[in-house]
Amino acid sequence: MTDRMEELAARLKERFKDQLSQCFVQRDEVTAELPAGHLREICKALRGEPEFAFEELMDLCGVDYSTYGQADWQTEAASNLGFSRGVGQAVYSRVPQERPRFAVVYHLLSIQHNRRLRLRVYAPEDPPRVDSVVDIWASANWFEREAFDLFGILFDGHPDLRRILTDYGFIGHPFRKDFPLEGNVEVRYDPEKGRVVYQPVTIENRVLVPRVIRRDERSSQLSEAGEKGHA
Amino acid sequence: MPEIRNMTLNFGPQHPAAHGVLRLILEMDGEVIERADPHIGLLHRATEKLAESKPYNQSIGYMDRLDYVSMMCNEHAYVLAIERLLGIAPPIRAQYIRVMYDEITRILNHLLWLGCHGLDIGAMTMFIYCFREREDLMDCYEAVSGARMHATYYRPGGVYRDLPDTMPQYQPSKWHSQKEVDRTNEARQGSLLDFIDDFVTRFPTYVDEYETLLTDNRIWKQRTVGIAVVSPERALQLGFSGPMIRGSGIAWDLRKKQPYEVYDHLDFDIPVGVNGD
């Protein structure tokens, strides 16, 4: 399997040369990174040329790299907050990075050659924007709407770039790392007004595992009793 | 002559014919839908966002709920991804268990669509027949994981625990006499594997029953044959996979083409459709 992937990576490099910024094989999967300017050109070639023949776009999604590489779970010391790491506001701080914040990832499949390929396109502008591939693969239509809705990535040339998943009149892009997990507004029925109303959220982030209390009278008594029992 | 215009109709979000919550804005020409604008987000649960702030293990149970009729298959995809990232392979027994439960899930899933689809287009008996067999398969789920649907059974590196040696038994109650219970318990005397073995010998006769109910049913055929045909080209454009693309006549199955776990040691056939309807 790996040989075939290496072969595909080599042929991609040979065919597109400088148009790709990077192309590598990792865990039996080929990833090609390309600048946003060459996207449509390369996609057309990947779909059309019999050597590649990637007939299907299986997935398209946005990625927010703003906290990439920040290891919330890595720690040397025991935490007394249980598994609350990764939940608090601290995660939203943007880690300075060389790479742009947003990227769009395309997963292609060639039925004919039984091969897959991943394309990654960085969108350095603000707001992030890349070209639409709807006319190359029709399945991109809803995927691009999803990436627009959840990450706020704009797709130039998309025929109908509307929100697809979030509520009517929703504000913000929920999958961005700086969007709070519990959201900003909640909906409830107001019996006095006789209609459904929106209000600021009242829920708080929950920690999944209860706090570990190591120095507690009862537990120390218990553990002493346990030790005696063993002895 | 009065001007005839297409009618725009709002369907849902709450509608008895929609499974769950779905809103469609339909442009109708008489009884024919000319255009549809689906508003699909009403059941969106932001799984990725929720998984962001959890250790990987704690999201396994969430995968069950993605497609709540193929629970363990979702888990499988998730744990396979973790295993690939970590570069580990589960023991061979765990691989067989997972493949076996994938296939049990597949039957569960197909029974649900067959039954509910029958119900939706007017063949109510199908639903009752299919759910009768689903009950046995959900017992298999319950025997290994304790839950009938959302099992959280797979783990990165294997499964939560080995297959049990005994099957849980039904108890008599006000509604089920001892005689009835004995009959349902008959297949549950041995281990879980004995029960599954018994099920797969029983199952073909059930399939024959479904065939009797649907295959030559005139009403069912009127409502399905030649409806919503997807050509192979269109199927590729729309990124179809699995049974959908096979329905359009393209022989594509990951279990054959890119086998994972122990599928390359197993002998099985894949049906491929021709009509795309």
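Q: Which element gives the most to the lining of the second largest pocket?
A: In this predicted model, the second largest pocket has a volume of about 1,200 Å³. Two or more lining residues come from each of α3 and β8 (185–190) of chain A and from each of β3 (32–39) and α1 (47–52) of chain B. The element that gives the most, with 3 residues, is β8(A).

Q: Which residues are the closest to the centre of the second largest pocket?
A: The lining of this pocket holds 23 nonpolar, 8 polar and 11 charged residues. Both chains are represented at the centre. Of the 42 residues that line the pocket, the closest to its centre are A:T166, A:F170, B:H44, B:R45 and B:A46.

Q: How many residue pairs are in polar contact between chain A and chain B, and which element gives the largest share of the chain A side?
A: The count between the two chains is 16 residue pairs in polar contact, with both residues at pLDDT 80 or more.

Q: Which residue of chain A forms a salt bridge with B:D37?
A: Between chain A and chain B the count is 3 salt bridges. In the one formed by B:D37, the closest N and O atoms are 3.1 Å apart, which is inside the 4 Å cut-off. The partner in chain A is A:R162.

Q: How many residues apart are A:R11 and A:E51, whose side chains meet in a salt bridge?
A: Over all chains, 30 salt bridges are found. For the pair A:R11 and A:E51, the N to O distance is 2.8 Å. A:R11 sits in helix α1 (residues 2–16) of chain A, whereas A:E51 sits in the loop between α2 (39–48) and β3 of chain A. The pair links distant parts of the chain, and the separation is 40 residues.

How values were computed
Residues numbered from 1 in each chain as written. Chains lettered and ligands numbered in written order. Predicted model: local features only at pLDDT ≥ 70, side-chain atom pairs only at ≥ 80, totals over all residues. Heavy atoms only, no water. Polar contact = N/O pair within 3.5 Å; in protein donor to acceptor, adjacent residues only side chain to side chain. 1 Å grid on protein atoms, 1.4 Å probe; cavity = no way out; pocket = protein on both sides within 12 Å on 5 of 7 lines; lining within 4 Å. Points joined across faces, edges and corners; volume = space filled by probe spheres on them. Helix = DSSP H or I, 4+ residues; strand = E, 2+ residues; numbered from the N terminus. Nonpolar A, V, L, I, M, F, W, Y, C, P; charged D, E, K, R; others polar.
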